[in-house]
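These notebook entries record what I looked up in the structure, one topic at a time.

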Amino acid sequence: HKITTEEVRQAQTRLEAALLMRNEDISEHADMNAIEVLRYGKVRSKNALVKAIRAVTAKEIQNYAAKIFATKPTVSCLGPVTYMMDYETILNALKG
């Protein structure tokens with residue numbers, strides 16, 4: 001499935017809204033700031049985050065997805081595996 005520019009715009013809008021809503025909750029805001037410091041060594045501004053979100057293109061997403069799905073996934077299970085699907089069933093489900 002080829003990702004359209006419209007799908008990217010919709011996802012960007014949802015992500016931007018989620019980002020702004022997280023800032024309303026002090027615990028979420030603190031968590032987000034901690035992750036920023038751990039990953040980037042600083043807290044990026046909301047404007048910088050929105051700019052980064054808007055810079056993502058459909059082509060970049062396609063390229064990244066191709067890289068991710070180029071190899072077979074690793075599957076793990078936590079707890080009893082009685083009802084876990086077998087590996088081939090999981091692979092087929094991921095193929096669509």
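Entry one. I looked up P73 in this predicted model and found a relative accessible area of 30%. P73 therefore counts as partly exposed, since that class lies between the buried limit of under 20% and the exposed limit of over 50%. I then placed P73 in the loop between α4 (58-68) and α5.

Entry two. Which residues does P73 touch, not counting residues up to four places away in sequence? I noted Y87, L91 and L94. For P73 and L94 I also recorded the separation: they are 21 residues apart in sequence, while their C-alpha atoms are 9.4 Å apart in space.

I located Y87 in helix α5, which covers residues 87-95.

I moved on to Q12, whose place is in helix α1, residues 5-22. Is Q12 buried or exposed? I found a relative accessibility of 12%, and Q12 therefore counts as buried, the limit for that class being under 20%. Leaving aside neighbours within four places in sequence, I listed the contacts of Q12 as I53, R54, A55 and V56.

Terms used:
Residues numbered from 1 in each chain as written. Predicted model: local features only at pLDDT ≥ 70, side-chain atom pairs only at ≥ 80, totals over all residues. Heavy atoms only, no water. Helix = DSSP H or I, 4+ residues; strand = E, 2+ residues; numbered from the N terminus. Buried < 20%, exposed > 50% of the residue type's maximum accessible area, 1.4 Å probe, protein only. Contact = heavy atoms within 4.5 Å.
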